[in-house]
Amino acid sequence: MTGYILRRIAIAIPTLLLLIVVSFLLMHAAPGGPFTQERQLPAQVLANLNAKYGLDDPLWRQIINYVWGIVAHFDFGPSFVYPDRTVNQIIAAGFPVTLTYGSIAFVVAVAVGVSGVAAAIRHNTWLDYLAVGTSIGAQVLPNFVMAPILVLIFTLWLGWLPGGGWGGPIYWIMPTVALSTSFMASIARIMRSSMLEVLGSNHIRTARAKGLPERAVILRHALKPALLPVISYLGPAFVTMITGSVVIDMYFSTGGIGRSFVDSALNRDYAVMMGITILVGALTILFSLVVDVLYAWIDPKIRY
Amino acid sequence: MIDQISMKSLAARLSETEVKGRSPWADARHRFRRNKAAMASLAVLLLVGLFALFGQQLAVWSNEEIDFGIIGQAAQLGGPSLENGHYFGTDDLGRDLFSRTVQGTQVSLLVGLIGAAIAVIVGTLYGATAGYLGGRTDAIMMRLVDIMLAIPYMFVLILLLVVFGRSMMMLFMGIGLISWLEMSRVVRGQTLSLKNHEFIEAARATGVSTWKIILRHIVPNLLGVVAVYATLLVPLMILSESFISFLGLGVQEPLTSWGALIAEGSGTMNYGTLWQLAFPLFFFCITLFAFFFVGDGLRDALDPKDR
């Protein structure tokens, strides 16, 4: 097991480095430097700026400096548009918000999704049909569709919830629901079909044949193997959710890092864009590492 | 008497089907046809396709024309109406929403289909090559896919669009860059189980070159799986494009897409122009719905054991 975890980490590190280098090169390939403006700066000012930010170093040194800054000091450098703010400050301002509603949404999606097991247990009853129908419907409701619909109903028509902003828990409801709906649906569908498959397998028949109560059959013998496909879905779900947070931040003005990302994309503030991309990438890689380890731990058949 | 006749005709029918025999493809087609949800979805897709192709002919207004009688009073005058030719109403700039929706449908479908096409071509070849060659080549090729899958692609895609300018071409390239990854994994898995069959061995024994085996013997046998995944990929590509366009980072005016229209509609809905959200959203949802159903139907039809 330890060997497996070490090997997974050994893959994770080059992945992250690759992400950093690729996004750095992309940024470098952009036409015009970060200080290219409509009003031409005096040459001396430009040279000073370039020297200050290390932009006249050779490319390889810039990359090494950048990577070293991140690895050693967790420093993503200064913003290229807002002279008084560093990328770290921008991330530190938005990240707690994203983390709050993101993790609530994730937990809700998994909890509701896993209860899709009920549909499998009552296969071909009204509950099953209801669950399947709802989950198919919810699949075509991604966050950017859910967000306006929710605001329309709960803010404009009913006036129950604030249409945006960030504050107490009442502000958390709509972002969380909008972000988690389509994942709930997907997890429920995966859970249902994998549970159906497990319930039809030999070891469940044996468990029933030896007279175990149905409850014990499901909780002790069926649930664990049925969870495996869900667990392997969690990795991609996490990526898509963190991507979806961009829409949430834009639409609900929650002030998370998604907003900073889009703003920096529109302002061509490459340093901020890169910082956020790398942060998200690191989180993703870390998360898929956790998922893989969890998977290997639950499924004794897996070879590592 | 009647019984006898019907028995005879039944017998005749039975023998007829037996003589004809049924290929796996005909079998699959039969199963697909019996799937009502999938057939209905296919009809929906056909209609949406026709709407995209010929909708512009029905439109009274072009998508760039501004109706100056309405501009500024979109909430009062811009609603859907048959009399002034704005079937779906207008947006807040007085542009005809019907022809804008037609245009958005064209763009979104195009992105979906091209993204899926790239996935099919690149993913199939890549996966089949990795799976067939096996060993170290396979390990390296699939590790690369793993690495690329671990990257939050939407962020990189936006980075690409910002750095190289927002254009349709860049959008296609960006989406194409990531769409094939999942496909190559699926195809590789199928290839691994295919490559030990006798007919591959026979081909190898008669000295057919590796490339020819992959193209002539492996790839045609993968078509079923590829068809299913391609159908399921199209809505995912449409989702990705809509996502980016919703953020205002995708297709640029005067071009539009479902995502851009939904974004516009959701921005203006508190002024009372709900139709601006409703029509694009309707087309978006039914199309995605239909693609998912057709994909599921295809999977059931082509792979009967996986139900």
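How many residues of chain A are in contact with chain B? In this predicted model, local features need pLDDT of at least 70 and side-chain atom pairs count only at pLDDT 80 or more, whereas totals for chains, interfaces and linings use all residues. Residues are numbered from 1 along each chain as its sequence is written, and chains are lettered from A and ligands numbered from 1 in the order in which they are written.

**View 1. The side of chain A that touches chain B.** On chain A, 32 residues are in contact with 28 residues of chain B, two residues being in contact if their C-beta atoms, placed from the backbone, lie within 7 Å. Two or more residues each come from α1 (2–29), α7 (143–157), α10 (214–252), α11 (257–267) and α12 (270–298) of chain A. Helices (H or I, at least four residues) and strands (E, at least two) are DSSP runs, numbered from the N terminus. By class, this side of chain A holds 23 nonpolar, 8 polar and 1 charged residues; Ala, Val, Leu, Ile, Met, Phe, Trp, Tyr, Cys and Pro count as nonpolar, Asp, Glu, Lys and Arg as charged, and the others, Gly among them, as polar.

**View 2. The packing of α4(A) against α8(A).** Helix α4 (residues 87–114) and helix α8 (residues 173–199) of chain A pack at an angle of about 30°, with their axes 7 Å apart. Axes are lines fitted to C-alpha atoms, for helices over the stretch in contact, and angles run from 0 to 180 degrees between N-to-C directions. The two helices, α4(A) and α8(A), are therefore roughly parallel to each other, a term for angles under 35 degrees. Residues of α4(A) in the contact include Y101(A), I104(A) and V108(A), and those of α8(A) include L179(A), F183(A) and M191(A). The contact of α4(A) with α8(A) comprises 15 nonpolar, 3 polar and no charged residues.

**View 3. The fold of chain A.** Chain A has 12 helices and 0 strands, and its C-alpha atoms fill a box of roughly 85 × 55 × 30 Å along the principal axes. Of its 304 residues, 37% are buried, that is, with 20 or more other C-beta atoms within 10 Å of their own, C-beta atoms being placed from the backbone.

View 4. Residues 37–55 of chain B are 100% helix and 0% strand, with end C-alpha atoms 25 Å apart. Residues 218–239 of chain B are likewise 100% helix and 0% strand, with end C-alpha atoms 31 Å apart.

Notes:
Angles under 35 degrees count as roughly parallel, over 145 as roughly antiparallel, 65 to 115 as roughly perpendicular and the rest as oblique. A residue is buried if 20 or more other C-beta atoms lie within 10 Å of its own, exposed if 12 or fewer, and partly exposed in between; C-beta atoms are placed from the backbone.
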